[in-house]
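Me: I am new to this structure. Please take one part and go through it closely, in short sentences.

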Amino acid sequence: MPCSPALKHPASVSFQHVGCDNILGSDAKEDRCRVCGGDGSTCEVTEGLFNDSLPRGGYMEVVQIPKGSVHIEIREVAVSKNYIALKSEGDDYYINGAWTIDWPRKFDIAGTAFHYKRPTDEPESLEALGATTENLVVMVLLQEQNLGIQYKFNVPIQRTGSGDNEVGFSWHHLPWSECSATCAGGSQKQEVVCKRLDDGSVVQNSYCDSDGKPPGNQRPCNTEPCPPEWFIGDWSECGKTCDGGIRTRTVLCIRKIGPAEEETLEDSHCLTHRPIEQESCNNQSCPPQWVTMDWSECTPKCGPGFKHRIVQCKNSDLTKTFPPALCSDHNKPPVRIRCSLGRCPPPRWIPGEWGQCSAQCGLGQQMRTVQCLSYTGQPSTECPESLRPSTMQQCESKCDATPISGGDECKDVNKVAYCPLVLKFKFCSRAYFRQMCCKTCQGH
């Protein structure tokens, strides 16, 4: 078999790092100010949270980004319907201007690349490495409540004057500030600032070494107690709304002996006249008002009825009575209300006294009246007929016991057709008719 050709292994390749100085194998790195090999002292960080809003939406300025800024990061706090926009100082929009929304992508603006991102489920963001070659303005197009926009970028420090590189800078204590209180313990502060060594002018703190900054000083001052003075509290509410009331307040003689400490003294320690702690108030006359008397009893005594009372227009101390027109008509108390003392008893039959007996001797009849009356004595038709008392009853008169002496005494009283009828209807058995028709009834 023929031998297969031998495989040659490629020589191993080593990769060397290129520094920011474009030198192979260099470890040089950019600082936060994008200065190669710098110490981060040529710029300062600007960051914050913009959470203002507009009631009806529109474009609103978030922050201005000065020329030369680096490491620019603009980001919404939460997902919203708002849009980050970017424009020049001269109002030329680069991203999301004129109410037109751009697709997320890379934009070459002001000498650097801005990366505009708008994920569906994450907050919107705008980032650039910088440095920018012009001043820019970050805007927000508000369509709903602003939930917050965070911004952060590094701004180059503006150094003015000639020969700054040769001038030294150092930390200095300012003179003591004025005491924060005139008595009872205040404090003085001595702040630390960065100064130029050549002319002693105060410059930004970034010119001095932050690690070597000494602490500021603070000391107490004016620790003696304050002179006694009157403490005067707020007036209380007036005891009356009109016709003169009284209001009061607290008045104390106090002395401040510390920043948060006071003591109460006798009134004699305060040299000025003691303020009043009581005075009259609301001395204007009260307007006339309605005054009510007690309710009357319910009338009638049963069933639906009414109670009445007297309502008068009087002054506040009830000494004068005014015409009703001087009191407000819309809040006049009622003078009559409905009432009931229970159901009324039903109408009932009321019988009269029995009349005289129709017979002078023996059995007869007597009559009486029977009326259906309500509980007030008015005639009614609602009495049950089944309970109606009788209007006539039988009666008997005691006859004279003197015997009749002879037949001549037995005679009919009536000379008309009365007695024949008594005989015909067999009423002779009744004492009354027998007496009246004695002769006709004889033998029957």
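How many bridges join β11 to strand β13, and in which direction do the two run? Please go on from there to the sheet around them, and then to the aromatic rings.

Reply: A word on the source: this is a predicted model.

Start with the two strands. β11 and β13 run antiparallel, and 5 bridges join them. β13 covers residues 192-196.

Now widen the view. The two strands belong to an open sheet of 3 strands. Its order is β11-β13-β14, and the pairing is antiparallel. β11 (169-173) and β14 (202-203) stand at the edges. Each has a single partner strand, so one side of each is left without a neighbour in the sheet.

Next, the rings. The structure holds 5 aromatic pairs. One of them is formed by Y59 and Y93, with ring centres 5.1 Å apart. Their planes meet at 50°, so this pair counts as tilted; the tilted class lies between under 30 degrees for stacked and over 60 for edge-to-face. The pair links distant parts of the chain. Y59 sits in strand β2 (residues 58-65), Y93 in strand β5 (residues 93-95), and 34 residues separate them. Y59 and Y93 also form one aromatic cluster with W99. Y93 counts as partly exposed because its relative accessibility is 30%.

Rings also meet charges here. R219 lies over the face of W176, 4.0 Å from the ring centre. At F306, the charged end of R336 sits over the ring, 3.8 Å from its centre.

Conventions. Residues are numbered from 1 along each chain as its sequence is written. This is a predicted model: local features need pLDDT of at least 70, side-chain atom pairs count only at pLDDT 80 or more; totals for chains, interfaces and linings use all residues. Side-chain values use heavy atoms; hydrogens and water are left out. Two strands pair if DSSP finds at least two bridges between them. Helices (H or I, at least four residues) and strands (E, at least two) are DSSP runs, numbered from the N terminus. Rings of Phe, Tyr and Trp (its six-membered ring) pair if their centres lie within 6.5 Å; planes under 30 degrees apart count as stacked, over 60 as edge-to-face and the rest as tilted. Buried means under 20% relative accessible area, exposed over 50%, partly exposed in between (1.4 Å probe, protein chains only). A charge sits over a ring if NZ of Lys or CZ of Arg is within 6 Å of the ring centre and within 35 degrees of the ring normal.
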